[in-house]
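Please keep the sequence and the model open while reading.

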Amino acid sequence: AKYSDELAQLSAKGFDMPVRSIRLLNKFGGDVDIVAARLAQVQAQQQRKADMQARKAAMRAQKQAAKQGSTDSEPQAEAEVKVPAKFEAAAAKYSDELAQLSAKGFDMPVRSIRLLNKFGGDVDKVAARLAQVYAQQQRKAD
């Protein structure tokens with residue numbers, strides 16, 4: 001491939017966005033440093049967006065809990081996650097991550113477990129994806 005060495009360098013730097021990388025490599029004549037800087041900007045923007053979506057989802061979850069008259073004295077993050085039997089091992093494996101996601105307002109344990117498996121336990125990536133799911137559900141509800 002035309003930019004296989006450059007893609008390997010970018011991948012080694014943690015940028016695994018081959019389509020975007022090739023587009024940027026074409027635009028900047030194969031300059032890996034410029035492309036890495038641009039990809040870092042893209043990742044920072046995506047992280048800010050995911051953080052904002054997570055905060056909005058958490059606020060929606062809090063509002064929903066308030067509407068339902070939640071009277072639990074324990075925080076949800078401390079509660080044991082209820083999942084079908086086939087997900088119990090994964091729930092135990094990712095208990096800390098599930099607690100973090102729950103604290104952010106994401107109470108979809110089965111979907112969270114599947115995404116944690118997909119993203120290797122990366123809570124930020126899972127939160128970003130769940131925020132997208134919550135946003136889609138909100139749009140459908142409106």
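Predicted model: local features only at pLDDT ≥ 70, side-chain atom pairs only at ≥ 80, totals over all residues.

Asp33 counts as exposed because its relative accessibility is 56%, and exposed is the term used for values over 50%. Lys13, with a relative accessible area of 44%, is partly exposed.

A search of the whole structure finds 2 salt bridges, and another pairing is that of the Lys104 and Asp124 side chains, with an N to O distance of 3.6 Å. This pair also links distant parts of the chain, with Lys104 in the loop between α5 (95–103) and α6 (109–118) and Asp124 in helix α7, 20 residues apart. Lys104 is partly exposed at a relative accessible area of 27%, and Asp124 is likewise partly exposed, at 36%. Side chains of opposite charge can pair when their charged atoms come close.

## Nonpolar cores

The largest nonpolar core contains 21 residues, of which Leu101, Phe106, Ile113 and Leu130 touch the most other members. Two or more residues of this core come from each of α3, α4 (88–93), α5, α6 and α7, and α7 provides the largest share, with 7 residues. In soluble globular proteins, nonpolar side chains tend to be buried together.

What does Ile113 touch, leaving aside residues up to four places away in sequence? Its contacts on that basis are Val83, Phe87, Ala90, Ala91 and Leu98.

## The cavity

The structure holds 1 cavity of 30 Å³ or more, and the space in the largest cavity comes to about 30 Å³. Its lining is formed by Gln47, Ala50, Asp51, Ala54, Lys104, Asp124 and Ala127. The elements that give two or more residues to this lining are α3 (32–67) and α7 (123–141), with α3 giving the most, 4 residues.

By residue class, the lining divides into 3 nonpolar, 1 polar and 3 charged residues. Lys104 and Asp124, which are among the lining residues, are also the partners in the salt bridge with the 3.6 Å N to O distance.

Key. Residues numbered from 1 in each chain as written. Heavy atoms only, no water. 1 Å grid on protein atoms, 1.4 Å probe; cavity = no way out; pocket = protein on both sides within 12 Å on 5 of 7 lines; lining within 4 Å. Points joined across faces, edges and corners; volume = space filled by probe spheres on them. Nonpolar A, V, L, I, M, F, W, Y, C, P; charged D, E, K, R; others polar. Salt bridge = Lys/Arg side-chain N within 4 Å of Asp/Glu carboxyl O. Buried < 20%, exposed > 50% of the residue type's maximum accessible area, 1.4 Å probe, protein only. Core = buried A, V, L, I, M, F, W, Y, C linked by side-chain atoms within 4.5 Å. Contact = heavy atoms within 4.5 Å.
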